[in-house]
Amino acid sequence: MKLISFLSARLGKALFVILGVVVLNFLLIRLAPGDPASIMAGEAASSDPAYLAQLRQRFGLDQPLWLQLGLYVRGILQFDLGFSYRNNLPVLDLILERLPATLLLMALAFVFSLLAGGLLGVIAARSRYTGEHTWLDSLIMSVSLLLYATPLFWLSLLLIILFSVTLDWLPAFGMESVGAGFVGWARAKDIGAHLVLPVVSLGCFFMAVYARLTRSSMLEVMGLDFVRTARAKGVPPGQVIRRHVLRNAMLPVLTFAGIQLGQMAGGALLTETVFGWPGIGWLMFDALMQRDYQLLLGVFLVTSTMVVLLNLITDLLYRLVDPRIESEN
């Protein structure tokens with residue numbers, strides 16, 4: 001019953017947040033200069049007021065703002081995100097077509113950053129704990145700080161220049177080779193090769209965060225009484241870390257990973273634009289350039305919903321990992 005009550009409260013808050021995001025995004029986009037009618041009239045080299053009024057009527061821009069918002073919210077409740085007149089397709093169809101590519105990129109980047117960052121953090125903490133190879137701890141923390149301070153787009157460009165342009169090891173753009181016609185395992189390998197640079201680029205920032213957080217959390221646990229007792233009894237350092245330290249030190253990392261997973265959705269949008277990855281980030285960039293309001297609002301809604309759901313899943317997992325947390329909190 002406590003879990004059901006917790007889920008009900010969290011879902012209610014999640015729906016309220018999503019509704020707020022919908023209203024805020026709608027109003028902010030309407031404040032931006034230009035509209036689809038003006039853009040399309042300019043492309044048609046027409047300044048006829050009658051033609052412009054006809055376009056605005058077609059897009060529903062001639063209606064009062066509150067009525068436009070009400071119609072949009074009603075459409076969302078009916079799972080209708082509108083129609084993209086630039087692509088001549090429903091917005092939901094466009095997003096569902098691109099969403100799997102974004103989820104694949106996010107999932108692989110998250111796994112890479114969490115595993116690599118956790119491993120580096122453990123190595124750094126163990127080096128500091130045992131007093132052996134302390135230079136390794138300093139090296140890992142210095143590299144982590146450098147990756148944390150490096151802008152995502154700049155790191156992406158560096159990886160393209162090094163591994164694609166200079167060394168010619170990996171493809172720089174797209175999801176698969178155009179016109180190659182690969183099928184089966186050959187196509188999977190081709191997609192995997194195209195994934196390497198975007199995944200590493202997106203994951204390096206979060207890997208640096210997890211490495212530093214894992215190290216600091218482990219060092220904090222290492223100073224507790226039960227760890228000192230185990231070490232005084234003659235338990236080997238490796239066994240102390242595995243059985244006593246790592247298990248307790250992973251709770252803050254898991255919590256932060258759930259929060260960062262939501263932020264990774266935003267990072268994926270930028271990464272897709274740099275690498276030409278055909279996900280919803282690239283779709284959002286095209287919609288922004290073309291003033292495709294309905295498509296832009298649909299992408300904002302889907303990404304916001306993803307972030308809210310990921311945070312909700314993180315709360316659930318955290319309560320499963322740590323039974324000391326009461327469900328009603």
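This is a predicted model: local features need pLDDT of at least 70, side-chain atom pairs count only at pLDDT 80 or more; totals for chains, interfaces and linings use all residues.
Visitor: How many helices and strands does the chain have?

Guide: Helices (H or I, at least four residues) and strands (E, at least two) are DSSP runs, numbered from the N terminus. The chain has twelve helices and two strands. Along the sequence, they follow the pattern α-α-α-α-β-β-α-α-α-α-α-α-α-α.

Visitor: What share of the residues counts as buried?

Guide: Buried means under 20% relative accessible area, exposed means over 50%, and partly exposed lies in between (1.4 Å probe, protein chains only). The chain has 329 residues, of which 39% count as buried. Accessible areas come from the Shrake-Rupley method with a 1.4 Å probe, and for residues only the protein chains shown count as cover. The accessible surface of the chain comes to about 18200 Å², and 67% of that surface belongs to carbon and sulfur atoms.

Visitor: Which residues of helix H11 are buried?

Guide: In H11, which spans residues 280–289, the buried residues are Ile280, Gly281, Leu283 and Ala287. Seen down the helix axis, they fall within an arc of 160°, so they line one face of H11. The arc is that of the directions from the helix axis to the C-beta atoms. Just after H11, Arg291 takes a positive phi of about 55°.

Visitor: Which residues form the nonpolar patch on the surface?

Guide: Patches are made of residues with over 30% relative accessible area and no salt bridge; like charges are joined within 9 Å, and nonpolar side chains (Val, Leu, Ile, Met, Phe, Trp, Tyr) within 5 Å. Here the nonpolar patch consists of Phe153, Trp154, Leu157, Leu158 and Leu270, with about 460 Å² of accessible area together. Helix H7 (residues 152–166) gives the most to this patch, with four residues. Trp154 lies in H7 and counts as partly exposed, at 44% relative accessibility.

Visitor: How is a pair of aromatic rings described?

Guide: It is described by the distance of the centres and the angle of the planes. Rings of Phe, Tyr and Trp (its six-membered ring) pair if their centres lie within 6.5 Å; planes under 30 degrees apart count as stacked, over 60 as edge-to-face and the rest as tilted. By this rule the count comes to four aromatic pairs. One of them is the stacked pair of Phe26 and Tyr72, with 5.9 Å centre to centre and 25° between the planes. This pair links distant parts of the chain, with Phe26 in helix H1 (residues 2–31) and Tyr72 in helix H4 (residues 65–77), 46 residues apart. Both Phe26 and Tyr72 are buried.

Visitor: What are the distance and angle in the pair of Tyr148 and Phe205?

Guide: Tyr148 and Phe205 are stacked, at 5.1 Å centre to centre with 15° between the planes. Tyr148 belongs to helix H6 (residues 134–149) and Phe205 to helix H8 (residues 184–222), 57 residues apart. Tyr148 is partly exposed, with a relative accessible area of 44%, and Phe205 is partly exposed at 25%. Ring pairs link Tyr148, Phe205 and Phe206 into a cluster.

Visitor: How many salt bridges are found in the whole structure?

Guide: Side chains of opposite charge can pair when their charged atoms come close. A salt bridge is a side-chain nitrogen of Lys or Arg within 4 Å of a carboxyl oxygen of Asp or Glu. A search of the whole structure finds two salt bridges. Asp137 forms one with Arg215, the closest N and O atoms being 2.6 Å apart. Asp137 is in H6 and Arg215 in H8, 78 residues apart, and both are buried. Arg187 forms a salt bridge with Glu176, the closest N and O atoms being 2.9 Å apart. Arg187 is in H8, whereas Glu176 is in the loop between H7 and H8. Arg187 is partly exposed at 37% relative accessibility, and Glu176 is partly exposed at 29%.

Conventions: Residues are numbered from 1 along each chain as its sequence is written. Side-chain values use heavy atoms; hydrogens and water are left out.
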